[in-house]
Amino acid sequence: AYYAYMYQMEVPELIKQMYGMTIEELAQLQIKKELAVGLVAEKEGLQVTDKEYKKLAEEFAKEQGFKTIEECEEAYGKDGLRQMFLDEKVSENYYCL
């Protein structure tokens, strides 16, 4: 929504322009990706430990300009951050995802 506001566009129009697909198609693609990441992580025993989460969240919060992890978690959600970090971990081991 931020970029749509910046470019004075509606979100669906921006997504179509940026990704060449509808918002529904992008959502379906994201769901498939998260399911694939979850299956690979489960099969390979990959997870984001609490220690890793804290380190990664601190780094990410700093990169994004937040003063605390809590502020970052309010913006992105703790589950959202954990999923993002798991995506990165799986992608490091399986480049195709």
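Author: A nonpolar core is a set of buried Ala, Val, Leu, Ile, Met, Phe, Trp, Tyr and Cys residues joined through side-chain atoms within 4.5 Å. Please keep in mind that this is a predicted model.

Reader: How many residues does the largest nonpolar core have, and which have the most contacts inside it?

Author: The largest nonpolar core has 13 residues, and those with the most contacts inside it are Tyr 53, Leu 81, Phe 85 and Leu 86. At least two residues of this core come from each of H3, H4, H5 and helix H6 (78-93). Setting aside residues up to four places away in sequence, Tyr 53 touches Val 48, Glu 73, Lys 78, Leu 81, Arg 82 and Phe 85.

Reader: Which side chain of opposite charge is nearest to Glu 73?

Author: A salt bridge requires a side-chain nitrogen of Lys or Arg within 4 Å of a carboxyl oxygen of Asp or Glu. Glu 73, which lies in helix H5 (residues 69-76), is buried yet has no salt bridge, and the nearest side chain of opposite charge, that of Lys 78, is 4.4 Å away. Apart from neighbours within four places in sequence, Glu 73 is in contact with Tyr 53, Lys 78 and Leu 81.

Reader: Is Gln 47 buried or exposed?

Author: Exposed means over 50% relative accessible area, and Gln 47 is therefore exposed, as its relative accessible area is 52%. Gln 47 sits in the loop between helix H3 (23-44) and helix H4 (50-63), and, leaving out neighbours within four places in sequence, Gln 47 is in contact with Glu 52, Leu 86 and Lys 89.

Technical notes: Residues are numbered from 1 along each chain as its sequence is written. This is a predicted model: local features need pLDDT of at least 70, side-chain atom pairs count only at pLDDT 80 or more; totals for chains, interfaces and linings use all residues. Side-chain values use heavy atoms; hydrogens and water are left out. Helices (H or I, at least four residues) and strands (E, at least two) are DSSP runs, numbered from the N terminus. Buried means under 20% relative accessible area, exposed over 50%, partly exposed in between (1.4 Å probe, protein chains only). Lys and Arg count as positive and Asp and Glu as negative; His and the chain ends are not counted. Contact means heavy atoms within 4.5 Å.
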